[in-house]
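Please look over the sequence and the model, then read the points below.

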Protein chains: 2
Amino acid sequence: MNFKHITQETLAAMEDRARAHFINSLSGFKSANLIATKSQNGLCNLAMISSVVHLGAAPALVGFIMRPDNGERHTLANIIETNSYTINQVASDFYRQAHQTSASYLKTQNEFDETNLTAHYLDGVHAPFVQQSQLKYAVKLEQIIPIELNGTQFVIGEIKQILCHKTAMQSDGYIDIEALNTVCVSGLDAYHTAQGLSRLNYAKPGVETTEYQQDELPKDQRHKN
Amino acid sequence: MNFKHITQETLAAMEDRARAHFINSLSGFKSANLIATKSQNGLCNLAMISSVVHLGAAPALVGFIMRPDNGERHTLANIIETNSYTINQVASDFYRQAHQTSASYLKTQNEFDETNLTAHYLDGVHAPFVQQSQLKYAVKLEQIIPIELNGTQFVIGEIKQILCHKTAMQSDGYIDIEALNTVCVSGLDAYHTAQGLSRLNYAKPGVETTEYQQDELPKDQRHKN
């Protein structure tokens with residue numbers, strides 16, 4: 001048998017950090033995003049979040065999990081205070097700086113300065129964006145759902161304005177985030193880039209799965225398969 | 001300016017399918033998992049889910065978003081009926097079959113049979129596992145949180161038993177899911193494998209980010225950097 005069978009007893013007996021590595025690996029590859037906020041008195045905060053999840057396209061809703069620890073509380077406090085945050089996809093040329101934002105900085109320390117990332121602003125959006133990110137959007141807080149099972153909170157917002165590097169936008173709406181070198185996370189601390197297998201057509205019962213073709217585009221502009 | 005600025009007005013004017021592609025691309029790379037269930041009268045169901053998210057390590061909690069559409073309702077009905085489901089990471093050698101489970105099969109159709117995937121069972125777990133998956137776990141339903149903003153539901157469960165291919169388990173608890181060829185998803189229909197950048201040490205204020213080294217392991221067993 002090539003499989004190891006891990007029971008709840010084995011899990012309970014694991015050292016805390018090892019269990020964290022292990023359980024964090026189970027959900028699969030996770031998105032890598034920087035959430036940027038600014039308090040009402042002008043202090044910026046940046047937090048690396050690997051739990052951003054798509055909730056729906058109309059209205060355009062996005063959620064993420066906020067753990068009850070120190071660094072992220074600054075982010076949550078700013079979100080509650082201003083209703084405004086931005087989500088910035090992390091790419092391979094600044095994932096180390098993004099990771100560094102998870103250090104326990106004081107509320108008075110600005111993670112942009114501490115990690116050499118650059119803030120920029122858009123008219124009508126209170127929160128800063130991360131200059132280095134090639135795909136980022138402004139979100140308005142809609143709801144915070146407390147998860148009593150473990151003291152985390154599910155933060156839901158509506159996507160209001162998007163900034164996307166033009167080269168990644170395709171005619172059918174798909175954004176080629178692989179071309180933007182967007183990274184993903186596994187476990188607590190492992191970073192990866194992605195390599196395309198294929199896009200697949202909408203699945204129908206009794207019809208074999210086939211690769212998606214953007215027929216209307218010249219061949220050199222099609223998504224690689 | 002290399003960026004396109006998309007406002008809410010632009011979003012609202014997009015054709016439905018294009019908006020779905022676009023908004024689904026914003027959260028970043030998504031996990032690819034098959035959720036397997038079985039009704040009390042023995043009918044199996046498989047659903048491809050790209051929203052599985054880590055919630056916490058102690059207790060070991062995992063969540064996912066259930067949309068209010070047809071195929072997934074079978075899965076939700078089985079979960080509510082039995083409290084039992086399994087989550088099975090999707091790998092590159094069966095991602096097409098996994099995608100095919102998203103077709104609108106009838107409740108009486110078994111997605112295992114329809115897509116040539118194989119069910120297997122573990123003592124004490126009602127729901128089936130997917131044989132082809134190299135990392136999978138049994139989950140017990142803990143809570144379903146309705147998200148009134150768009151009619152989705154956040155399904156939370158506790159991880160009870162795990163089956164993991166031995167080659168991917170590392171001494172510090174990390175599971176090398178890249179070595180298992182676990183795939184990730186972007187947008188609605190694009191699949192990718194991952195390529196490691198590095199693991200990074202726990203970040204500390206004022207200390208430069210460094211690569212994680214598993215010093216206790218022989219070099220050939222370390223995670224590649």
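Strand 7 and strand 10 (residues 135–147) of chain A pair in the antiparallel sense, over five bridges. Strands are DSSP runs of E, at least two residues long, and helices are runs of H or I of at least four, numbered from the N terminus. Two strands pair if DSSP finds at least two bridges between them.

This is a predicted model: local features need pLDDT of at least 70, side-chain atom pairs count only at pLDDT 80 or more, and totals for chains, interfaces and linings use all residues. Residues are numbered from 1 along each chain as its sequence is written, while chains are lettered from A and ligands numbered from 1 in the order in which they are written.

**Strand 7 of chain A and its partners**
- T86(A) stands opposite A138(A) in strand 10 of chain A.
- Strand 3 (residues 33–38) of chain A also runs antiparallel to strand 7 of chain A, and four bridges join them.
- In that pairing, N33(A) stands opposite Q89(A).
- Strand 7 (residues 84–89) of chain A is mostly covered, with six of its six residues buried.
- Buried means 20 or more other C-beta atoms within 10 Å of the residue's own; exposed means 12 or fewer; partly exposed is in between; C-beta atoms are placed from the backbone.
- Both faces of strand 7 of chain A are covered: S84(A), T86(A) and N88(A) are buried on one side, and Y85(A), I87(A) and Q89(A) on the other.

- Six strands form an open antiparallel sheet in the order 2(A)-12(A)-13(A)-13(B)-12(B)-2(B).
- Its edges are strand 2 (30–31) of chain A and strand 2 (30–31) of chain B, each pairing on one side only.
- Strand 12 (residues 184–186) and strand 13 (residues 190–199) of chain A run antiparallel, joined by three bridges.
- There, V185(A) stands opposite Y191(A).
- Strand 1 (residues 3–6) of chain A pairs with strand 11 (residues 152–165) of chain B, antiparallel, over four bridges.
- I6(A) has I162(B) as its bridge partner in strand 11 of chain B.

**Symmetry and interface**
- A rotation of 180° with 0.0 Å of shift along its axis superposes chain B on chain A, at RMSD 0.0 Å.
- That is the relation of a two-fold axis.
- In chain B, the C-alpha of A194(B) is nearest the axis, 2.2 Å from it.
- The superposition is by least squares on the C-alpha atoms of residues with pLDDT of at least 70 in both copies.
- 96 residues of chain B are in contact (C-beta atoms, placed from the backbone, within 7 Å) with 97 residues of chain A.
- 100% of the interface residues of chain B are also interface residues in chain A, so the copies meet through the same surface.

**One residue at the contact**
- T209(B) lies in the segment after strand 13 (190–199) of chain B.
- T209(B) is partly exposed, because 19 other C-beta atoms lie within 10 Å.
- Leaving out residues up to four places away in sequence, T209(B) touches R96(A), H99(A), Q100(A), L200(B) and A203(B).

**Confidence**
- pLDDT is the predictor's confidence in each residue, from 0 to 100.
- Chain A averages a pLDDT of 92, and 93% of the residues score at least 70.
- Over residues 216–225 of chain A the pLDDT is below 50; this stretch has eleven contacts in the model beyond near neighbours in sequence.
- Where pLDDT is low, the predicted coordinates should not be read in detail.
- The model scores ipTM 0.93 and pTM 0.94.

Conventions: Contact = placed C-beta atoms within 7 Å.
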